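Dear colleague,

Please find the structure below. My notes on what was found in it follow.

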Amino acid sequence: NIKFSFEEKEVLKDLNLTIKKNKITVLIGESGSGKTTIMDLLMSLQKKESGHILINGNDIESLDLKEFRKLIGYVPQDPVLFFSSIKANMMWPKENLNSNEIQEALKLANAYDFIMQFPKKLETMVGEKGTEISGGQRQRIALARAIVRKPKLLILDEPTSSVDLESQKLIKDSLVKISKFATIVITTHEKSTMEIANDIFEISHGKSNLLKSI
């Protein structure tokens, strides 16, 4: 029964949905329907007006937020890489990573093979905001960076909206593998991304409607 308003405009009204552990939950809906707000509430970046957000039965407001957020990986719609090497970008979430952990995350995100084709491999500089590599490559490195800490909850905002078809397929393949150890929540307009969902909720007029559940 989540209620949330922004600048006196009601965004969510008595919203109810269940996100299942180690499954892929997809949120769809028109722009402004509240999908991003739901993600912000899950990460406790916004505060609800009323209702309860329960994490394994515990109210989110009772949790140590600093520790809770350590369990979350997040990939925005247009991820930004730092003006540094691929390796430095991978080590940003966790400085004491070893090479095996970096390699494992890159392989899981289907990024390892194309990186190994670069002359400088992991020492390749990605340019300002990652503009020296393609959008699909940037998205897969951002995904690897998000999962390198082995998050329990992975949140993605339109992960395949601005990449080529090959990258779309590789990202979807990665997400199916990642869902074996992480709970995944995705917002998308892409029908192909919906194909890998276990549950699809349509967000409309501040409420949710379950369209698919397997």
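**Glutamine 137 and its surroundings**

Setting aside neighbours within four places in sequence, glutamine 137 is in contact with Phe114 and Phe118. Please keep in mind that this is a predicted model. Glutamine 137 belongs to helix 6. Is glutamine 137 buried or exposed? Its relative accessibility is 17%, and because buried means under 20%, glutamine 137 counts as buried. The side chain of glutamine 137 also reaches the backbone nitrogen of serine 134, at 3.1 Å.

Six strands form an open sheet in the order 6-7-8-3-9-10, and the pairing is mixed. Strand 6 (72-75) and strand 10 (207-213) are the edge strands, each pairing on one side only. On average, neighbouring strands of this sheet are turned by 20° against each other, direction ignored.

Strand 3 is mostly covered, with five of its five residues buried. Both of its faces are covered: Ile24, Val26 and Ile28 are buried on one side, and Thr25 and Leu27 on the other. Strand 3 pairs with strand 8 in the parallel sense over four bridges, and the bridge partner of leucine 27 in strand 8 is threonine 187. Strand 3 also pairs with strand 9 in the parallel sense, over four bridges; here the partner of threonine 25 is aspartate 199.

Strand 9 (residues 199-204) and strand 10 run in the antiparallel sense and pair over six bridges. In that pair, phenylalanine 201 has leucine 210 of strand 10 as its bridge partner.

**The cores**

The largest nonpolar core has 40 residues, of which Leu143, Leu154, Leu175 and Ile178 touch the most other members. Two or more residues each come from strand 3 (24-28), helix 3, helix 4, helix 5, helix 6, strand 7 (153-157), helix 7 and strand 8 (183-187). Helix 6 gives the most to this core, with six residues. Another core, of 20 residues, lies apart from it and includes Met39, Leu41, Ile53 and Phe68.

What does leucine 154 touch, neighbours within four places in sequence left aside? The contacts of leucine 154 are Gly73, Tyr74, Leu143, Ala146, Ile147, Leu175, Ile178, Thr183, Ile184 and Val185. Among these, Leu143, Leu175 and Ile178 are also named with leucine 154 as core residues that touch the most other members.

**Helix 4**

In helix 4 (residues 99-108), the buried residues are Glu101, Ile102, Ala105, Leu106 and Leu108. Seen down the helix axis, these buried residues fall within an arc of 165°, so they line one face of helix 4. As background, an α-helix has 3.6 residues a turn, so residues three or four places apart point the same way. Ser99 and Asn100, on the other side of helix 4, are exposed.

The cover over the buried residues of helix 4 includes helix 3 (86-91), helix 5 (112-116), helix 6 (135-147) and helix 7 (165-178).

At the N-terminal end, asparagine 98 caps helix 4, with a side-chain oxygen 3.0 Å from the backbone nitrogen of asparagine 100. Just after helix 4, asparagine 110 takes a positive phi of about 55°.

Regards

Note on methods:
Residues numbered from 1 in each chain as written. Predicted model: local features only at pLDDT ≥ 70, side-chain atom pairs only at ≥ 80, totals over all residues. Heavy atoms only, no water. Buried < 20%, exposed > 50% of the residue type's maximum accessible area, 1.4 Å probe, protein only. Arc of directions from axis to C-beta. Contact = heavy atoms within 4.5 Å. Polar contact = N/O pair within 3.5 Å; in protein donor to acceptor, adjacent residues only side chain to side chain. Pairing = 2+ DSSP bridges. Axes fitted to C-alpha atoms, helices over the stretch in contact; angles between N-to-C directions. Core = buried A, V, L, I, M, F, W, Y, C linked by side-chain atoms within 4.5 Å.
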